[in-house]
Amino acid sequence: MALSHMERLVEAAMALLRELAEVRQSLELSQTVVAAAMGTSQSSLARLESNAADAKLSTVERMAGALGLKIQFRLIKAGSDEPSVVRG
């Protein structure tokens, strides 16, 4: 059975959080250090990394920033992996 659009979005968000947690670990940074850089608590970051919390985009961006990264989005045409040009 195919995943719905919302299920794919949730799956992608969870994968992004897993990747950020892996980056944190590869940099040998503790949750406490990264949480402090984000302006949050270690327990909040632990919930975020375990996907137990519904993450706001701003929170995920703060986590990426604390790791020296940024989140980049792009629009693609439905059913394609190629970037779409969006004109206003």
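Analyst: Start with the order of elements: from the N terminus on, the protein runs α-α-α-α. This is a predicted model.

User: How many helices and how many strands is that?
Analyst: The protein has four helices and zero strands.

User: What is the mean pLDDT of the protein?
Analyst: The mean pLDDT is 86, and 90% of the residues reach 70 or more. Where pLDDT is low, the predicted coordinates should not be read in detail.

User: OK, α2 then. How do α2 and α4 cross?
Analyst: Helix α2 covers residues 31–38 and helix α4 covers residues 57–66; their axes come within 9 Å and cross at roughly 115°. The crossing is right-handed.

User: Which residues meet there?
Analyst: From α2, V34, A37 and M38; from α4, T59, R62, M63 and A66. The residues of this contact divide into five nonpolar, one polar and one charged.

User: New topic. What share of the residues is buried?
Analyst: Buried residues make up 19% of the 88 residues in the protein.

User: And the accessible surface, what does that come to?
Analyst: About 6,600 Å², with 55% of that belonging to carbon and sulfur atoms.

User: Last one: what share of contacts joins residues 24 or more positions apart?
Analyst: Among contacts with a separation of 6 or more, such residues account for 41%.

How values were computed:
Residues numbered from 1 in each chain as written. Predicted model: local features only at pLDDT ≥ 70, side-chain atom pairs only at ≥ 80, totals over all residues. Heavy atoms only, no water. Axes fitted to C-alpha atoms, helices over the stretch in contact; angles between N-to-C directions. Helix = DSSP H or I, 4+ residues; strand = E, 2+ residues; numbered from the N terminus. Left-handed = near helix turned anticlockwise from the far one by under 90°. Contact = heavy atoms within 4.5 Å. Nonpolar A, V, L, I, M, F, W, Y, C, P; charged D, E, K, R; others polar. Buried < 20%, exposed > 50% of the residue type's maximum accessible area, 1.4 Å probe, protein only. Areas by Shrake-Rupley, 256 points an atom, 1.4 Å probe, with all protein chains shown as cover. pLDDT = per-residue confidence, 0-100.
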